[in-house]
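Please take a moment to look over the sequence and the model before reading on.

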Amino acid sequence: MLKWAVRKILKAAHLLYQEGLVDARAGNISFRIDDKIIITRTGSHLGELTEEDLILLPLLGTTPLLERASSEMPVHREVYLRTSHRAVVHAHPPATVSLSLREEKIIPVDSEGKILLKEVCVVEDLPSGSEALAEAVANLLQDNSLVVVRGHGVFAADRDPMKAYGWISVLERSCRILQETLP
């Protein structure tokens, strides 16, 4: 399971970067295996992510390695504690972030977005890695696969990192189309 999870994280990371959904120092990915989390190291370049950039941590408790984990670790942990999701992907897709500055909800107008996403909630901009952000995101991901943080980015959750990445990719495409239709 560990090798499978690592392959999925690496593939999702590279696709996020190739599609311009993250820049060189943004975004993070995790996967839960029982009572452990594999998460990207803080400051990782997702486009060049390797196995050495992944850290295996306990779901609960502390460890010195926690300092090396993504600053969004509290959000990932809270999602795993409150939902049945096994993977969390956080990205900063530009069209989505731009729309989040003016919309309370993102409601796609394209057919794929309408069918797959329906509408995506935008939550207030809370400090990165904060307990408040962790609670807000985890609460919404209990019944959804996506949540947008105003002016910050997207958290997607699903059963594996590729599925979560896929939600972000669809959302960004829908946001680009939506931007073209807005006055």
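The model you are looking at is a predicted one, and its largest pocket has a volume of about 150 Å³. Thirteen residues line this pocket, and those closest to its centre are R25, G27, N28, S70 and S71. When the lining of the largest pocket is sorted into the three groups, nine of its residues are polar, three are charged and one is nonpolar.

Along the principal axes, the C-alpha atoms of the chain fill a box of roughly 50 × 30 × 25 Å. A compact globule of 183 residues would have a radius of gyration near 16 Å, and the value of 15 Å for this chain agrees with that. Of the 183 residues, 51% are buried. If we consider contacts between residues at least 6 apart in sequence, 64% of them join residues that are at least 24 apart.

Which residues of helix α5 are buried? In this helix, which covers residues 131-141, they are L133, A134, V137, A138 and L141. Seen down the axis of α5, these buried residues fall within an arc of 120°, and therefore they line one face of the helix. What they pack against is α2 (73-82), together with the strands β7 (146-149) and β8 (153-158).

A134, one of the residues of α5, has a relative accessible area of 0% and is therefore buried. Beyond its neighbours within four places in sequence, A134 is in contact with P74, V75 and E78. The C-alpha atoms of A134 and R77 are separated by 8.1 Å, although the two residues are 57 residues apart along the chain.

Finally, consider H152, which is placed in the loop between β7 and β8. Is H152 buried or exposed? Its relative accessibility is 10%, and because buried means under 20%, H152 counts as buried. Apart from residues up to four places away in sequence, H152 touches E72, H90, H92, V97, D125 and S128.

Key:
Residues numbered from 1 in each chain as written. Predicted model: local features only at pLDDT ≥ 70, side-chain atom pairs only at ≥ 80, totals over all residues. Heavy atoms only, no water. Buried < 20%, exposed > 50% of the residue type's maximum accessible area, 1.4 Å probe, protein only. Helix = DSSP H or I, 4+ residues; strand = E, 2+ residues; numbered from the N terminus. Arc of directions from axis to C-beta. Contact = heavy atoms within 4.5 Å. 1 Å grid on protein atoms, 1.4 Å probe; cavity = no way out; pocket = protein on both sides within 12 Å on 5 of 7 lines; lining within 4 Å. Points joined across faces, edges and corners; volume = space filled by probe spheres on them. Nonpolar A, V, L, I, M, F, W, Y, C, P; charged D, E, K, R; others polar. Rg over C-alpha atoms; globule rule 2.2 N^0.38 Å.
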